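Here's a quick briefing to read with the viewer open. Take a look at the model first, then work through the points below.

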Amino acid sequence: MGRVPTRFPAQASAEGLTRTERLGMKTRLMAKSKTSQNPLMDAIVGLCKRRGFIFQSSEIYGGYNGFFDFGPLGVELKKNLKDAWWEDMVHRRDDIEGLDSSIIMSPKIWEASGHVGGFSDPMVDCKASKMRYRADQLFYSPVIVDNTTIGYVSVLEDQSMEADAQASAEKLKRKQGAQGELAPLALKEYTEANPSEYELIPSPATGEPGSLTPPRDFNLMFETKVGALSDSTAIAYLRPETAQGIFANYKNVVDTGRVKIPFGIAQIGKAFRNEITPRNFIFRSREFEQMEMEYFISPDADWKAMHREWIDWCKNWLISIGLPESMLGEDVHPQDKLSHYSRGTTDITFQFPFGEQELWGIACRGDFDLSQHQKHSGKSMEIFDESTKSKFIPHVIEPALGVDRLLLAVLSAAFTEDEVGGEKRSLMKFHPRIAPYKVAVLPLLKNKPELVERAREIYRKIQRKHTAFWDASGAIGRRYRRMDEIGTPWCITIDFDTIEKDGTVTLRDRDTTEQRRLSEEELLAFLDDQLF
Ligand code: GAP
């Protein structure tokens, strides 16, 4: 929720506060945009491609910016994340119900929610290079030498943007042969430039002034047409958030279920945003999945306490699936800058390889959405609360999490390089609950039928309950390394002791590489105990 100052409605938090102000307060929220300058990010992207986690969409045609495909391991990891969230958010709670609403809904929903009118980012075009930028990610400053403005510099938002701008200013000073003292630069968002400055600010693409357009709003919703007619009445939108499907169905759930205040409705599903600058791999893409929950509370409830409870719940959940607490932070959006319908917003942030960024936004949306839908649809959104015998439109606390962004956080936290027996190894320290494969079953030799047969038997038994991987070829050390790299927590080796002596198998731990022998019963009990 801390993304775009101008964005409506999910950006309740940051409205009225320019990016420059937010950067001034919290430089930690800056992102590094070029993954090629980030070895850790490069290593993660490389591993994702090499081992079949994530591919660029339409790669055979040169790729398609902002879209990604999930390979055999990626789809398992993603599914495990969604299953863990659903189990803990819906199945293991009595106060939350699930929902699966359609991606395309009546355009009236997006008019009522404010998305048609205001779900936009400010963009700026470079007429010379045809490049397009987010105006709130393009920063500029006048270059002042001895109280005289000798020109302007511009930079794209980046961890090194201040140093880059300084270097450009010094270059400009040298180029112009200006003598005297260079005043400190004052970087501001392009959205804050005066119209008279547009012509003077150089394009980041060409380095020359005169080609940037004034900033203008760019609606992020993807349009499509529904039905046989192709006029404006056929226009519909791919949903930019799953939340509105919940608000639109809130009355259905109330009328058909046995919910009583406070209660929540959770949904996992695709969302689409025509991002101007998709970046940082799957961090900001144009097609992504969200896991959102709207928690409906009484207008008289202690919303501050409930907001805090949800922030803590979300944080603890992230820790429970393996994200280290030390990599998590909180970004509390300033009260005086919240829009009229938001009472409070806090983002849980994560230390991504390119900087600390929003992972999970938890907003108190008041009754804004339900009131809007009541007004636009003419249908009552009131609920009758038995306990107080009163009728009201509930208020809402909304924890909204992106699956793909969570997946990137999980990959970043799990990626590890260490040394085993003097050899470098890279491993993914996934929490067992979310690891794509829980166990690999490895017969010591593939050309010994009795070993292979016994290993197959054990493999089949494990497979009934847990995802298991069969690997019979290659030296055992290499097979261990392959499993380490894809984050399989345990390897089980079937050797001659298994078939000739005591029937025990070797269980190898991914993180410590320790090995111990267990009977088949002990092994199955161990796995059941570890994988709940
Ligand atoms: N209903 C509120 C809402 O959609 P948001 O902050 O715009 O709020 C919620 O989005 C979460 O969805 C974010 O915290 C982030 O995890 C994820 N998200 C948003 N835009 C994204 C994008 N373009 N690519 C990947 N994930 C995104």
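Is Ser320 buried, partly exposed or exposed? Ser320 is partly exposed, because its relative accessible area is 32%, where buried means under 20%, exposed over 50% and partly exposed in between, with a 1.4 Å probe and protein chains only.

Before going on, note that this is a predicted model, so local features need pLDDT of at least 70 and side-chain atom pairs count only at pLDDT 80 or more, while totals for chains, interfaces and linings use all residues. Residues are numbered from 1 along each chain as its sequence is written, and side-chain values use heavy atoms, with hydrogens and water left out.

**Overall picture**

- The protein chain has 15 helices and 26 strands; these are DSSP runs numbered from the N terminus, with helices being H or I of at least four residues and strands E of at least two.
- Along the principal axes, the C-alpha atoms of the protein chain fill a box of roughly 85 × 75 × 50 Å.
- Of the 532 residues in the protein chain, 55% are buried.
- The protein chain has an accessible surface of about 23500 Å², and 50% of that belongs to carbon and sulfur atoms; areas come from the Shrake-Rupley method with a 1.4 Å probe, and for residues only the protein chains shown count as cover.
- Take the contacts (heavy atoms within 4.5 Å) in the protein chain between residues at least 6 apart in sequence: 66% of them join residues at least 24 apart.

**Around the ligand**

- The ligand is surrounded by 22 residues, and the closest are Glu241, Arg273, Glu275, Glu292 and Glu358; to be counted, a residue needs a heavy atom within 4 Å.
- Arg273 puts a polar side-chain atom 2.8 Å from an oxygen atom of the ligand.
- On its own, the ligand has 560 Å² of accessible area, and the protein covers 99% of it.
- β13, β16 and β19 (395-402) are the elements that give two or more residues to the shell around the ligand.
- By class, that shell has eight nonpolar, five polar and nine charged residues. Here Ala, Val, Leu, Ile, Met, Phe, Trp, Tyr, Cys and Pro count as nonpolar, Asp, Glu, Lys and Arg as charged, and the others, Gly among them, as polar.

**Cores and packing**

- The largest nonpolar core has 65 residues, and Trp85, Leu359, Trp360, Leu406 and Phe430 touch the most other members; a core is a set of buried Ala, Val, Leu, Ile, Met, Phe, Trp, Tyr and Cys residues joined through side-chain atoms within 4.5 Å.
- Helix α11 (residues 403-414) gives the most to this core, with eight residues.
- Apart from this core lies another one of 20 residues, among them Ala468, Val505, Leu507 and Leu531.
- Not counting residues up to four places away in sequence, the residues that Trp85 touches include Met291, Glu292, Met293, Trp317 and Trp360.
- Helix α10 (residues 368-377) has Phe368, Asp369, Leu370, Gln372 and His373 buried, and its buried residues pack against α4 (107-113), α8 (243-256), β13 (287-297) and β16 (355-366).

**Individual residues**

- Ser320 sits in helix α9 (residues 303-320).
- Thr277 lies in the loop between β12 (263-272) and β13 and is buried, with a relative accessible area of 17%.
- The side chains of Thr277 and Gln137 are joined by a polar contact of 3.0 Å. Such a contact is a pair of N or O atoms within 3.5 Å; within protein, one must be able to donate a hydrogen and the other to accept it, and residues adjacent in sequence count only if both atoms are side-chain atoms.
- Leaving aside neighbours within four places in sequence, Thr277 is in contact with Arg132, Tyr133, Arg134, Gln137 and Arg284.

**Backbone details to check**

- Ile261 and Pro262 are joined by a cis peptide bond, with omega about -5 degrees, and Pro262 is in the loop between α8 and β12.
- Ser58 is not a glycine, yet has a positive phi of about 55 degrees; Ser58 is in the loop between β1 (54-56) and β2 (68-70).
- Just after α10, Gly378 takes a positive phi of about 80 degrees.
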